[in-house]
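Trainee: Please take me through the model shown below, one topic at a time.

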Amino acid sequence: MTLTNEFIQQKLQEKFSDLVFGFEQPYGMLTFETAKDNNLKVMNFLKEESSLGFTFLNDLTAVHYPTRVGEELAVVYMLQNIYAACRIRMKVYTSIEKPDVFTATGLFETANWLERD
């Protein structure tokens, strides 16, 4: 089965309803948002759901948006299904005053290195 953006979005919306939102496809890559408190739940689903299989955290970065009051920082996770050669991007936003986001090291060992930067 080919892993399409539409299929991935459908699976996410079936599981999480309106807890996942802001779906876009810049340069063909499915990108979406969730609240920072849901980051591990969503990533665990993407990893463990057999029809999705996003078992590799390809990259993790942060972006500063100074004009987004209360959401000045975005943590951006790039997840990959190696076998299907498919990557997706998940974003969570947080305030600069309290930039706490749950660590992904329990799900992906690569997060241990990436979260330090």
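Mentor: In what follows, helices (H or I, at least four residues) and strands (E, at least two) are DSSP runs numbered from the N terminus, and two strands pair if DSSP finds at least two bridges between them. The model is predicted, so local features need pLDDT of at least 70 and side-chain atom pairs pLDDT 80 or more, while totals for chains, interfaces and linings use all residues. Residues are numbered from 1 along each chain as its sequence is written, and side-chain values use heavy atoms, with hydrogens and water left out.

Trainee: Which residue takes a positive phi in the hairpin of β1 and β2?

Mentor: β1 and β2 pair in the antiparallel sense over three bridges, and E24 has T31 in β2 as its bridge partner. Five residues lie between the two strands of this hairpin. The residue with a positive phi, near 55 degrees, is Y27.

Trainee: Which residue in β5 stands opposite M78?

Mentor: β4 (residues 73–81) and β5 (residues 86–94) run antiparallel and are joined by nine bridges. Opposite M78 stands R89.

Trainee: Is K11 buried or exposed?

Mentor: K11 lies in helix α1 and touches F45, E49, S51 and L52, leaving aside residues up to four places away in sequence. The class follows from relative accessible area with a 1.4 Å probe and protein chains only: buried is under 20%, exposed over 50%, and partly exposed in between. At 18% relative accessibility, K11 counts as buried.

Trainee: Which strand gives the most to the lining of the largest pocket?

Mentor: A pocket is an open set of points on a 1 Å grid over the protein atoms alone where a 1.4 Å probe fits, with protein on both sides within 12 Å along at least five of seven lines; lining residues have an atom within 4 Å of a point. Of the 15 lining residues here, those closest to the centre are L60, A62, V75, V101 and E115. β3 and β4 each supply at least two residues of the lining. The strand giving the most, with four residues, is β4.

Conventions
Contact means heavy atoms within 4.5 Å.
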